[in-house]
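Q: I have a model open and want to go through its contacts. Can you take a look with me?

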Amino acid sequence: MAAPIRIGLVGVGKIARDQHLPVLAASPDYALVAVASPHGGLDGVPSYATLEAMLAAHGDLDAVALCQPPQARFAAALAGIAAGRHVFLEKPPGATLAEVGLLVAAARDRGVSLFASWHSRYAPGVEPARRWLSGRRIRSVAIAWLEDVRHWHPGQDWIWDAGGMGVFDPGINALSIATHILPPFFLTGATLSVPANRQAPIAADLHFADAAGTPIRARFDWRQTGPQTWDIRVETDDGPLVLSRGGAALSIAGRDRPLPPEAEYRGLYDRFAALVRSGASDVDLNPLIHAADAFMRGERRTVEAFTD
């Protein structure tokens, strides 16, 4: 057995507590050495207010996992790389494409691994869907990612700031799946609904096409109440393929397919361990490119103010 990867975690918020910490505690590939967060630490683990303090105190760290908002991630990732640590980036990997490109170059020059994680690609139905669609003729695609922001992001003002991405914070999960299971596609038009008192959209209606002209529509909305919707429906010559529950359920031609239990973050950390031990990096920017294209080309309409 290889020695556990000694890892420090930066940003002890909701996603870290819900996903990262339980996986790290259960995985034989890792030893959680320390955490860094300006808003409180973790019982039983050395805790620091900043990444720099954590790095100074733990020279034996192998890697850092960065779970802060994307606006703060570049500086932290660059500091980790400069210190010779492998870096795990929560999604999205950055607030801009250019900054992630700089991180890729820095990691290559320093000889460390950089992982831009897309957790929804590790949902149990995603890889079977990709294999089934490969080589089949796709007629159309409809994506619906509709959820209640008050439930999933209570009191998190950073998501509404410039660089916080708004509804693209969950919507990019749909784009990460679509870019994995479909042929390459591009944006043809978009409408972004932005609350009067916010910088980032609360809803988006996106239209894409691939080289064959296949229509692909995605609807993201943070105003959903009641049951939440995370569905991708692909019409093919051999019947419809439906990924639902964010990729946790798969139906092909009307028949449900058996799938293993959800283990997205375990899949991410298994992948990161393999990258660290092989000295490789994995930074796919395609989901972020589509989000950036929507902000660049999309028409904006002002909607009613949002208060949490």
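Q: Of the contacts between residues at least 6 apart in sequence, what share joins residues at least 24 apart?
A: That share is 71% in this protein, where a contact means heavy atoms within 4.5 Å. Before going on: this is a predicted model, in which local features need pLDDT of at least 70 and side-chain atom pairs count only at pLDDT 80 or more, while totals for chains, interfaces and linings use all residues. Residues are numbered from 1 along each chain as its sequence is written, and side-chain values use heavy atoms, with hydrogens and water left out.

Q: How many helices and strands are there?
A: The protein has nine helices and 15 strands. Both are DSSP runs numbered from the N terminus: helices are H or I with at least four residues, strands are E with at least two.

Q: How much of the protein counts as buried?
A: Of the 308 residues, 51% do. Buried means under 20% relative accessible area, exposed means over 50%, and partly exposed is in between (1.4 Å probe, protein chains only).

Q: Switching to rings. How many aromatic pairs are there?
A: Eleven. Rings of Phe, Tyr and Trp (its six-membered ring) pair if their centres lie within 6.5 Å; planes under 30 degrees apart count as stacked, over 60 as edge-to-face and the rest as tilted. One of the pairs is Trp 160 with Phe 306, with centres 4.8 Å apart and planes at 35°, so this pair is tilted.

Q: Where do those two sit in the chain?
A: They are 146 residues apart: Trp 160 is in the loop between α6 (149–152) and α7 (168–181), and Phe 306 is in the segment after β15 (299–303). Trp 160 and Phe 306 are both buried.

Q: And which way are Phe 185 and Phe 208 arranged, stacked or edge-to-face?
A: Edge-to-face, at 5.1 Å centre to centre with 75° between the planes. Phe 185 is in strand β8 (residues 185–195) and Phe 208 in strand β9 (residues 203–210), so the pair ties together parts 23 residues apart in sequence. Phe 185 and Phe 208 are buried.

Q: Which residues do ring pairs link into a cluster?
A: Tyr 30, Phe 88, Phe 115, Tyr 269 and Phe 272.

Q: OK, charges now. How many salt bridges?
A: The count is 14, taking a side-chain nitrogen of Lys or Arg within 4 Å of a carboxyl oxygen of Asp or Glu. Among them, Glu 127 bridges to Arg 130 with the closest N and O atoms 2.5 Å apart. Both lie in helix α5 (residues 126–133), three residues apart, about one turn of the helix.

Q: Which parts of the chain does the bridge from Arg 139 to Asp 237 link?
A: The closest N and O atoms of Arg 139 and Asp 237 are 2.6 Å apart. Arg 139 is in strand β7 (residues 138–146) and Asp 237 in the loop between β11 (229–236) and β12 (239–244), 98 residues apart. Arg 139 is partly exposed at 45% relative accessibility, and Asp 237 is partly exposed at 43%.
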